[in-house]
Amino acid sequence: MREGHQVPSSGGPRVLSTLDTPNIVHLTHVPEAGVRLGLVMQYVEGVTFESKIIATGRVSAEEAIKVGIEVSRALAYAHAQGVVHRDI
């Protein structure tokens, strides 16, 4: 888990594991090691949007809009399930 991405241990991971939509990676396991909590997520093959931008220098407006719409759908779904992503 990246630094700064914290999930409350009081039910947070359980709620995240119930999210089921194509736009959100599935949480598969929540290992605990003492007071530290980890998240094991589904592997998704491919490149990140950031990597694509770095490699090509830019993306088309159409592609940026498409990604924005998909992210918005994921956030709308999560919010409807009571999950708020604090980094957005």
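I started with V25, which sits in the loop between α1 (12-17) and β1 (27-29); helices (H or I, at least four residues) and strands (E, at least two) are DSSP runs, numbered from the N terminus. This is a predicted model, so local features need pLDDT of at least 70 and side-chain atom pairs 80 or more, while totals for chains, interfaces and linings use all residues. Residues are numbered from 1 along each chain as its sequence is written, and side-chain values use heavy atoms, without hydrogens and water.

I found V25 partly exposed, at 34% relative accessible area (buried is under 20%, exposed over 50%, partly exposed in between; 1.4 Å probe, protein chains only).

Next I looked up the largest nonpolar core: L19, I24, A74, A78 and V83 (buried Ala, Val, Leu, Ile, Met, Phe, Trp, Tyr and Cys joined through side-chain atoms within 4.5 Å).

Then I counted two salt bridges (a Lys or Arg side-chain nitrogen within 4 Å of an Asp or Glu carboxyl oxygen). E63 pairs with K52 at 2.6 Å, N to O. E63 is in α3 (residues 61-80) and K52 in α2 (residues 49-56), so this pair ties together parts 11 residues apart in sequence. R73 bridges to E70 at 3.0 Å, both in α3 and three residues apart, about one turn of the helix.
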